[in-house]
Amino acid sequence: MSRPRIGVSGVVRVVEGAPRTGVNAAYAHSITQAGGLPLILSPVIADDIVVDALDPIHGLLLTGGEDVHPMLYGQSPLPKLGQVDRERDAFEIDLFRGALDRRIPVLAICRGIQLVNVALGGSLWQDLPTERQGALRHDQRDGRTTRSHSVAIMAPSRLARALGVIRLEVNSFHHQAIRDLGRGLMITARAEDGLIEAVESAPEAPWLVAVQWHPEEFHGEAGAPDHGLFAEFVREAGRFRAQCA
Ligand code: MN
């Protein structure tokens, strides 16, 4: 049986003077380890062919990166808003809506959970340290694979089933997070300061799991519960493919 194909939303970055497009290697490692085939979907593709990008894939991974533009949730930018990319916003919202229409399984990470929430009518904290009293440090200074705060995971949930735990130490690289919850989403994890760290679709809806931390960074950590999230996502992509056959 060939591997389920996972579309991974990409970024454009200038490196050594040239604009380049791709994804952090950790996403590709995690998908590959879980038995999937990662395919990079670049935001440089034209608007009218974004839906074509969904034809070859059985799962969609929405990745980390820039802040979502606050106009997409009815707010004006605050002083501490970070870098934004309106083209990437539009590209990923189109991808996500197309995936929902086709019932393609979706895993969303960091910016991804924020993008999904905004696409479903929710809003964000633009900058946790200045807007939210009593917040923990969610923009850790430690390395990518260091775990810096814990999350409590609600069970039963798709997330708890995939991870096999109800408490997890996570790495945390975000200064934004979900404020008002988008339509149809269920909260499945919170940090100790009450911040929403994971959401998912209702049990009867197509598979959608979104987390605020970076599980892909643990691809090299033996026995990491985070591996279960990618394993379950790739299994769901395989089930989606079987239904379409
Ligand atoms: Mn966090």
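This briefing describes the pockets, metal site, ring contacts and backbone features of one protein structure.

The model is predicted, so local features are reported at pLDDT of at least 70 and side-chain atom pairs at pLDDT 80 or more, whereas totals for chains, interfaces and linings use all residues. Residues are numbered from 1 along each chain as its sequence is written, and side-chain values use heavy atoms, with hydrogens and water left out. A manganese ion has five named protein donors, His138, His149, Ser172, His174 and Glu197. The largest pocket has a volume of about 380 Å³, and the second largest pocket holds about 190 Å³.

**Manganese site**

- The donor atoms are His138 ND1, His149 NE2, Ser172 OG, His174 NE2 and Glu197 OE, and they lie 2.3 to 2.4 Å from the manganese ion. Donors are N, O and S atoms within 2.8 Å of the metal (3.2 Å for Na, K and Ca); water is not among the atoms, so sites may look incomplete.
- Along the sequence, the donor residues follow the spacing H-x10-H-x22-S-x1-H-x22-E.
- Distant parts of the chain are linked here: His138 belongs to the loop between helix H4 (128-131) and strand S8 (149-153), while Glu197 belongs to strand S12, 59 residues apart. Helices (H or I, at least four residues) and strands (E, at least two) are DSSP runs, numbered from the N terminus.
- His138 is buried at 3% relative accessibility, and Glu197 is buried with a relative accessible area of 1%. Buried means under 20% relative accessible area, exposed over 50%, and partly exposed in between (1.4 Å probe, protein chains only).

**Largest pocket**

- The lining comprises 23 residues, of which Gly64, Gly65, Glu66, Cys110 and Phe173 lie nearest the centre of the pocket. On a 1 Å grid over the protein atoms alone, a pocket is an open set of points where a 1.4 Å probe fits, with protein on both sides within 12 Å along at least five of seven lines; lining residues have an atom within 4 Å of a point.
- Strand S2 (11-15) and helix H3 (111-119) are the elements that give two or more residues to this lining.
- By class, the lining of the largest pocket has 5 nonpolar, 12 polar and 6 charged residues. Ala, Val, Leu, Ile, Met, Phe, Trp, Tyr, Cys and Pro count as nonpolar, Asp, Glu, Lys and Arg as charged, and the others, Gly among them, as polar.
- The volume is the space filled by probe spheres set on the grid points, which are joined across faces, edges and corners.

**Second largest pocket**

- Residues lining the second largest pocket include Arg102, Arg103, Pro105, Trp207, Glu236 and Cys244.
- Helix H6 (residues 226-244) gives the most to this lining, with 5 residues.
- The lining of the second largest pocket has 6 nonpolar, 1 polar and 5 charged residues.

**Ring contacts**

- There is 1 aromatic pair. The rings of Trp207 and Phe233 have centres 5.7 Å apart and planes at 20°, so the pair is stacked. Rings of Phe, Tyr and Trp (its six-membered ring) pair if their centres lie within 6.5 Å; planes under 30 degrees apart count as stacked, over 60 as edge-to-face and the rest as tilted.
- Trp207 lies in the loop between strand S12 (196-201) and strand S13 (208-211) and Phe233 in helix H6, so the pair ties together parts that are 26 residues apart in sequence.
- Trp207 is buried at 4% relative accessible area, and Phe233 is buried at 0%.
- The charged end of Arg144 sits over the ring of Phe173, 4.5 Å from its centre, and that of Arg147 sits over the ring of Phe218, 3.6 Å from its centre. A charge sits over a ring if NZ of Lys or CZ of Arg is within 6 Å of the ring centre and within 35 degrees of the ring normal.

**Backbone features**

- Most residues other than glycine have a negative phi, and most peptide bonds are trans.
- The peptide bond from Ala155 to Pro156 is cis, with omega near 0°; Pro156 is in the loop between S8 and helix H5 (158-163).
- Arg103 has a positive phi near 65° and lies in the loop between helix H2 (86-102) and strand S6 (106-109).
- Cys110 has a positive phi of about 55°, is placed in the loop between S6 and H3, and is buried with a relative accessible area of 5%.
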